Structures are given as structure tokens and as C-alpha cells.
Number of protein chains: 2
Amino acid sequence: MRLYRLKRLFVGTPLPTAQARHERLSKRTGLAIFASDNLSSVAYATEEIMRVLILAGVAALSLSTPISIAIGAVICIVIYSYRQTIVAYPQGASDYIVAKDNLGTAAGLVAGSALLIDYTLTVAVSVSAGIAAVTSAVPGLFPYRVVLCVAALALIAYGNLRGLRESGRLFALPSYLFIAGFLVLIATGFARYAIRGEPTAPPTEVEAPLGALSVFLVLRAFASGAVALTGIEAVADGVQAFKPPEVKNARTVLAVLGIIMLTLFIGTTALADLFNIVPRDEETVVSQLARAVFGGGPLYYYLQGVSTLILILAANTAFADFPRLAFFMSRDGYLPRQFGNRGDRLVFSNGVVILAVIAAGLVVVFHGSTHALIPLYAVGVFTSFTLSQTSMVRRWLRTRPDGWWWRVAVNGIGGATTAVVLVVVAATKFVDGAWIVVVLIGFFILTFLAIRHHYDDVARQLSLEGYEGPPPISHSVLVLVGDLHRGVAEALQYAKTLSPEAKAVYVELDPERTRRLEERWVKHGLGVPLIVLTSPYRSLLGPFLGYIDHLVQRDGRHIVTIVLPEFIPARWWQHLLHNQTALLIKGALLFRKNVIVTDVPYHLKD
Amino acid sequence: MRLYRLKRLFVGTPLPTAQARHERLSKRTGLAIFASDNLSSVAYATEEIMRVLILAGVAALSLSTPISIAIGAVICIVIYSYRQTIVAYPQGASDYIVAKDNLGTAAGLVAGSALLIDYTLTVAVSVSAGIAAVTSAVPGLFPYRVVLCVAALALIAYGNLRGLRESGRLFALPSYLFIAGFLVLIATGFARYAIRGEPTAPPTEVEAPLGALSVFLVLRAFASGAVALTGIEAVADGVQAFKPPEVKNARTVLAVLGIIMLTLFIGTTALADLFNIVPRDEETVVSQLARAVFGGGPLYYYLQGVSTLILILAANTAFADFPRLAFFMSRDGYLPRQFGNRGDRLVFSNGVVILAVIAAGLVVVFHGSTHALIPLYAVGVFTSFTLSQTSMVRRWLRTRPDGWWWRVAVNGIGGATTAVVLVVVAATKFVDGAWIVVVLIGFFILTFLAIRHHYDDVARQLSLEGYEGPPPISHSVLVLVGDLHRGVAEALQYAKTLSPEAKAVYVELDPERTRRLEERWVKHGLGVPLIVLTSPYRSLLGPFLGYIDHLVQRDGRHIVTIVLPEFIPARWWQHLLHNQTALLIKGALLFRKNVIVTDVPYHLKD
């Protein structure tokens, strides 16, 4: 075999892991980058708790602080559990992979679909909450919130399509500005309260409460606030992004993140409670609180600004996570290959575009309301948490490392806790929208399996195992002509290079035109024989297809190549004025076996 | 030259003229078929006059009868003129052809665009008015009028796509039922009035009139009522549809149509005036009148039913006229060829689909309101009338047949009258929407000229005059492979039939995969040399395009054929899972000169 190689200066590097895209991160930068998804929920989690409690009247709002403490306890448990996951998967691993490795394909697919939904909702919720921070500060923009959300989404998607990546320091800044802002808010707020006492009278009941305070309502409030856990898994996904020692650094960062999160979330909730904030549609709870504490000055606008910034950043994180997970799943054959080819920039875009379109659809359907989207959100998050923790338990039981019983206990408690939360979330939010996610997870799993089945089937059909090579073929070349001009002449010449036996075929609709064509053929037909097919029913396609079928049905395997002269106009709109016949023919021949259609372009000048 | 002919039993008939599609029609059937477009305007023309007059208060409504008589006079003049056109164009001719023949290209294009707009509006107005007749009888359907309009449009378009044609008697029935219904309405109405006197008290002024009764308002009312002339030209277009003697029969039918039209239109208007009907949005004037005359019984529902029927039929007429005119204009190179190939059913559909889509758009934008559409309607109609009559004057002056001065006088008066009406319509309706049509006519003319220019340019570039034949070419065949499997093996075999020198090209992204591919190539590569291109930037396309450019730039004219193995899955959704690379390559190579891409399909089994 004659091998002809064109060697270039250097060879493409092997497929990088997801994290290799980042520069290696110090603890400080790493914290900021992985924190945005989780911390940003401080901007809306408190409000979601209060919005449920208010249904039982303003008095019930005082339950928000204990509920936030209960959620804080869950956060501690989950973070403690994930610190163990980091040790077990030092190369970093998505819950999809962890579940698939330890619990099998089914669990992996459940986790995968839960995560894809989760990432999509992260984008929709974060963008909605980010724009809510803007419209709280500038109420005149409230009617345009959906348009603003879609514009923000388009911007993020565009940035990602152009190849925007988390570039260290620049992306770290908003997280620290956000943390600083909330710490100042909480400190000032408590100081003010300590000095001046309750700043406003407790609000009186404006309208009769919609329902009584029940255990179910408290559980619903808890379930709503549980969105504060979203994004905790990000550090465990990205261990390899840290400078060595990666595992130690990642574990430290996760612990610090937990402490900051607890401070900000419980602090904000307690303060909102003390300041007698009542949730309203037009202004976020955080905005009301900041107005009450800062009195509306520059610090107020600063806080709204950094809230928007970190929420946009959280949405941006999902734009990295979604295509990466889609890549893993397509590599395993559960998603179309289009998501799989990391080397090709165009293909990467598919994940970004699909995520942007679906998230934009959600924002439009839910009128840019964070509150309306929340019931869909937490089911996916806690499904993947639970599967991930259960996987770890299974793993410890199987590998039995030192102290395995302690590790089983940690992840077991973690998994049990998130499972309980999952049940609470699904049950209390079911009619509000959680059912949609349950249905979707099921639908996605069936789709994944169908795709995988198809790819397996194709691989079997294409396998070279026991293959004796293709059967021998014979071949004829036909040029379909409707006229004779320079374009046709070039197509005839090309056809002759494919086969010296090439023929031209003309379907006669008008005998007079045939006569004129044959006259010109003598001079310009390049010696290619012209076959004239008559058309009893004035159809162009019918006689031609009949003729092709007649050829293909010859003995043995006979392949017919149809050469179609086709214009390539100089301007885009001129395409509309040509080639309709070529398109028709191609459409009609697309599914015929042993027929191959070749366009011979003739480039028109302007 | 070896000529090989496949002769079939019979040869396709020559291109039939538009009218040859019909069976030849008796006067009675012909009247019914050509009448629907014109007569159907009785269902809304009276109302349009009244809707303008009401702006000056209910007292002004008494002017509607004299205005309808004035319009009746114009109808007489136009019909008399068109009876002359029939003599001059016994083969039938659209105003586009008449204007182009006698006044030149520019006038023809003005008439052509005016007619295309006219036909489109006929569809939108007739369907809206037809549905208005339904919602007047069943007020509960009023909120769904736009949906009903679009559904009716879809039905008509579907019928025409499936090849529904005016089949004599069946289509004649609604016209006679409609004529009978209105004659009974008018007779009963006048009888009732004669016996019982004014049936209801004259309405008192409900609200202050919006303006004073001015000459301008009267002219606007006249311009609105002038829609009663639409469709008069239909008989002259279709002379050849009549049984011999065609000219005599067509002239008789046109005269009879005129008499019926005058009776129905003036009769209905006078009766509405006598019965003190006041136009309202929710119920048509004809419906109110019929309720008042018949008292709501079966005769009322009959009248509404046949009104809807004839209006749908009028819309259907435009579905025959529009594609036919588009055919004439595309034959002359002013519209895309897609409209031109009459023999091919698929291509005919283009006119039908485009007409349906634009008319549906109009109905939606104008909320299914006949009244809102009317200002756009009459400009196109009277533009083509005026051009047609002017053409006839020019023709008589040139050909000077017996009694030419009399003929000049008839068409001259006709043309002058319609020109005056055109000016009145354009001036009084300009701000209401007539300006849109004026702008559109201009835009269309520019488009027609650009299309014609392009086709002329292409014809010049393709001309064989002075052509010495294509330059000699050399040729190489490359199979682009990403793997080696049965599909690739068949593509390799095919490539070898195109050229014994065929080579395979592989872009290396991972040296390890290359090594494995080369191992399998030895056994299954069919002896085709494998060229491995390295890709420094992990791009698939870059190195491949570079290699092709390198080949194409050889001495002389070198053509490269790229063979792409491509899957044809068994089910439609599976297409989404394959071929993205093939698509990418095709997109990248589409505009390269001397490169031809050939897909070799590999048909997957289910």
C-alpha cells in the first residue's frame, strides 16, 4: 500500500479533559469561580421561602429563619459528603459518571437527565433572578423583563459561541464583590437593628391569608428554599482545575464555600425576618431589604449590581457544564454525536445553542418569573445529589478502603438526607410543576436508550467482522439535461472523465424543442450520446425514474451516477431563481438504492 | 451519434392555454363560473359605502343609494369597454398581456403587479366577508373569525393543491343560488315596504358624528363602493372557455352579468337605505337587512349560507388566476422559473402556496376585517382596468379597423372613467392603506426587472455562440474517510469505478486512532491508497481544504471529486444522529470552484 503522508510541524494534542481548559486555579480564584452557581442563590432563596409562608399570612413569615437554618443543616451534610466524593474521584467526575460507574446505566441516565434539566433551569432561574435585581432597582424596566432576560441569554450564548472561557481573575471578581456586599448588608443590618430596634412596624394583614399554616406549607417552604443547594456539586466536578495538591485544595475550597454560604443565606433570611420584609412581585426581597438597611444610596445599587453580575455568571457556568455533560453522554452513545466531537468548534456550539434556546423558551413561557420556575428546579438537583451519594455508599461497600464504615455512614446520611428532601420537593411541588420534570426525566431516559440502540445497531450493520468486501459492481453515468448551454457542456465533459460510456438523458415535453436540441447537440454535445425519453403524462420525473430503475435492475449490482448540471449564482437571492429541477430530482432519488446524484456546479459571474 | 429512444404509447400534448383546462362552457354555466368573483362583492360593497357615510352621522346614509347608482354607471361603462376587448382578444388575454402588447413593458409590469396584488386581496377580502356572513348568522363564532378565515383559506389551498378545478355544473350552482336569494330578498323587501311602510323608526344619532358631510367623504364612500367592479375582467380573460361562437357568447354573458350585478347591487343598497340599516362591526349590513326582511327564518340562513359559498368560490377563482398570471410573467422572465413550468404539478403548487400564505398573513394582520382590507383593494383593480382600456385605445389607433373612431371613443371613455376612479380611490384612501399598494407596485416592478436582468445575464453567460467547448480537464477522486467500515468500503469501491487513481484521505486528530485505522486498511482498504493529513489545530476541515486547494491549483484545469460516504437511516429522526460531518464538508465546499462533492449513500436497515 502506498502511504502518502503530509506531516505538519506539530500534531494535535490529545482530547483534553474538561478542566484542562482552565488555567490551574489557586484556592482563592477557584473558590470564586466555583462559588457563583451556589452563592448566587442567596439572591432568591430567602424570597422563595417567604413566598410560600405568606400564603398563611404575614405572621407565618417568622418561620423563615428556622427553615433557613434547617436548609443550612442540609447544606452542611451535603458538603461533608461531597468532600468524600472528591477523595474518591480526584480526577473530577460528574454525577452522571459517578452514578453510572457505581449503580449502573439506569441510574446514570437518571442522573444525566436530571443534570441536563438542572443546568437548563440554572440558566433560566439565574437570568430571571438577575434581571429581577435590575428591575427592582429600576422599576420602569419591570414590563420589559422578559425581553431583558432573552437579551441577557443571547449575550451569554454569543460569548460562549465565540469561545469565552472562565479566565481566572476576571471571573473571580464578581463573586468576591458579591460576598463583600452581602457581608456589609448583614453587618449593617444587624448593627442598625441593635441600635435602633425594629425599623418598621410589623406589616398588618393586607388581605386574608389564602390558607392555614400547616405542616405541608412549612415543608413546601423548606422545599422552595432548598434551591440554596444548587451548584454545590460544581467543586467536586472540577477537582482537576485546582493547583496541586488538587484534592486537598478542592476540599478546603468546598468547606470555605459552605461556611460563606451558611453565613450569607441564614444571615439574609434572619435579617429579612427582623426587618419585616414582605415579598412582592415587582421588587425582590433582597432589594427591599437593601433599601431598608442602606436607605437606597450607592451601597443599595452596588448590591443590586453585583447580584445581577453573579447571577449572570452562574448562568454562564451552566453554559460550560451542559455541553460538557452532553459530550460525556454522547461519547457513551446516549446523545447525538453532534455533541460529542470536542475538537470541532462548530459541533461544540450545538450544546450552547440548544441550551440557550430551551432556556429562552422557559423564560418566555414563565414570564421571566424566578418564583414560577422554582418548582421545576429542585427536583433535578436533588435527584442527582441522591444518586451521587448512593453511588458513593455502593462504592465504599465494594472497595472497602480504610475506615470504609465511616465513609458509608457519611455518604449514607448525605444520601438519605437528600432523598428525603427530594421526596419533600417532589411531593409539595408536584402540582406546581415538579410533575413536568418527573415526566421529562422519564422521556429523556427513553430517548437516550433509543439513541444508544440506534448507534449500536448501526455499528453492527457497519462492522467489518466477517465482511468479505463489497460485491462487484458495474457502473453507468447519465447526465440529465433540459437544454444545451455552457453549463451543460462542462457537465458532459466531467461525465466523460467519470466514464467513457457516459450518456445524456433528455425528457421530451415538446417534440419541436427536442428537434432543436438535437440539432445543436451535433455541434456542442462533445460526442456524448443523447437519449430522449418521451413523457406521456407531461411529467419530467416519471420517465426518468423509470429509465433509471430499468438500468439498476440489470444483472448483478449496477450503480447509476446521475450528473446534474447546476448553477451557482453570484448572489444569494439568485438561488431562488434556479435549480428547482435539480432539487426535485435529488429529492426523488434520495432514497433510491444504487443511485448516486452528483451536482456539477457552474459558477455564474456577477 | 448513437441515439437511443424510448418511445411510449403517446406523446405529451402541447402546453394547453389556461382555459383549455375547463370543459367548454355553455353561456349558462359560463355566466355562473365567471360571475362569482364580481357578484360576490354584493355581499359587502353596500356596507363599505355605508361605513364611510356613517362618519357624518346616520342622516348621511341616505346618500348610499345615489352613490350606488353612480357606481352602477361606472360598471356599465367598464362592461361596455370590455365587450370590445373581447372582440380584439378572442383568444382571451390578461390585462398584463394586453398592456404589455400595446403600451410596452413598463405598463405591462404595472398591470402585472397590480393584478397580483388584486388577486391576493380578492382572496383575503372574499374569505373575510364569507366568514363575516357566518359570524353574522352565528354571533358566538365572532371571536374565532380569524381562525375560521385561515381554516377556510387552508381548505381552498388544499383543494387547489390536490388539483381541484372549476368543474362546470357543480361550481355553477352557488352563483345561481346566490342570485336567486338576493332577488327574493330585494323583491320581498320592496313588497314589504310598499305594504307596511317603513319597518323600523329611522335610527336616532347614538353618538355625535365624527365629521361633517363633505365632498371628500362622498368621494371616499364612492371609492369604497367601487370594489363592486372587481372581477368584471374575468370574462374577458377567459373567452376561450366558452363554446363556439366564443366571442359572441362571452359578450352576451358579460352583458347579462352586468344587468344582474346592477340589479343586485343597487337593489340591495336602496333596500338597506329604506330599512334604515346602520352598519355595525359584529353583523354585516346584508345580514341585518335579511333579518329585517325575512324576520330571521330559513330564508335568512339560506341567504347567509349562499353568501359564504359564493365568496369562498370567488376566493377560489383567484387561486386559478394568480398562478396563471405568475406563469405568464415567469415565461417572460419577470418571476422565478418555479412559477413557469406548467407541466409539472409540483411547480404549479408554488403559486397556490404563496398566494395562500400571503392572504393568510393579510387576514391575520387585519383581524379578518373586510372593512380594514378594502382600502388596499381597489387601487390594484382600477390600475389594471385603466391600463387595459388605455391599451385598447392605443391598439385601435394603430390598427385602425372599421369604426375605429367609435371603438377609440368607447375604450377612451372607459379608460378615462376608471382613471378618474383610480385617482379618487388612491387619494381618498391613501392614508388608510392605499399607500401600501402604491409602494408595493413600485417594489414589485423593481423586483421583476431585477429578475429579468438576472435571467438575461445568465442566458448570455451560458450562450453557445462563439463557444469553443470546455477547456480540457484533468481529474482526481478523493474519498474522505473518518473510519473504516462497510459504508466506507462501498464508497471506496465506487470511487475506484470513477477513477483507478482514487485515493482516500484521513485527517488525523489522534495518532493512536490513525495507527489502528492503518492496520485495518491493509485488509479492508481495497487497495486504495490512504493519505493521512495531520491537523495542528485539531480542525477537520482546515487540512482537508488545504490539500484540495493544493490539488486544484495544479497546471491547467484540474477537477477534484470528493466522495463522501453518507448514511441513509431507515427512520426520519435518525437523520439527526448522523451526517453532520458530511453536511459541514458540503457547506465548506459549496462555493469552491472545480470541486465536486458526491455523496455515496449507505442505506441502513431498520
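What covers the buried residues of α4(A)? Before that can be answered, some conventions are needed: this is a predicted model, in which local features need pLDDT of at least 70, side-chain atom pairs count only at pLDDT 80 or more, and totals for chains, interfaces and linings use all residues. Residues are numbered from 1 along each chain as its sequence is written, while chains are lettered from A and ligands numbered from 1 in the order in which they are written.

Chain A has 20 helices and six strands, these being DSSP runs numbered from the N terminus (H or I over at least four residues for helices, E over at least two for strands). Of its 606 residues, 50% count as buried, a class that requires 20 or more other C-beta atoms within 10 Å of the residue's own, with C-beta atoms placed from the backbone. Among the contacts in chain A with a separation of 6 or more, 80% come from residues 24 or more positions apart, a contact being a pair whose C-beta atoms, placed from the backbone, lie within 7 Å.

Helix α4 of chain A spans residues 95-103, and because seven of its nine residues are buried, it is largely enclosed by the rest of the structure. The buried residues are A:D95, A:Y96, A:I97, A:V98, A:A99, A:K100 and A:N102, and their cover includes α3 (64-88), α5 (105-137), α12 (298-331) and α14 (370-399) of chain A. Just after α4(A), A:G104 takes a positive phi of about 100°.

In chain B, helix α3 (residues 64-88) packs against helix α8 (residues 215-225) at an angle of about 55°, with the axes 10 Å apart; axes are lines fitted to C-alpha atoms, for helices over the stretch in contact, and angles run from 0 to 180 degrees between N-to-C directions. On the α3(B) side the contact is made by B:I67, B:S68, B:A70 and B:I71, and on the α8(B) side by B:V218, B:A221, B:F222 and B:G225.

As for confidence, the mean pLDDT (the predictor's confidence in each residue, from 0 to 100) of chain A is 85, and 91% of its residues reach 70 or more. The value stays under 50 over residues 1-22 of chain A, for which the model has 36 contacts beyond four places in sequence, and also over residues 343-347 of chain A, with seven such contacts. The model scores ipTM 0.71 and pTM 0.69.

Conventions. Buried ≥ 20, exposed ≤ 12 C-beta atoms within 10 Å, placed from the backbone. Contact = placed C-beta atoms within 7 Å.
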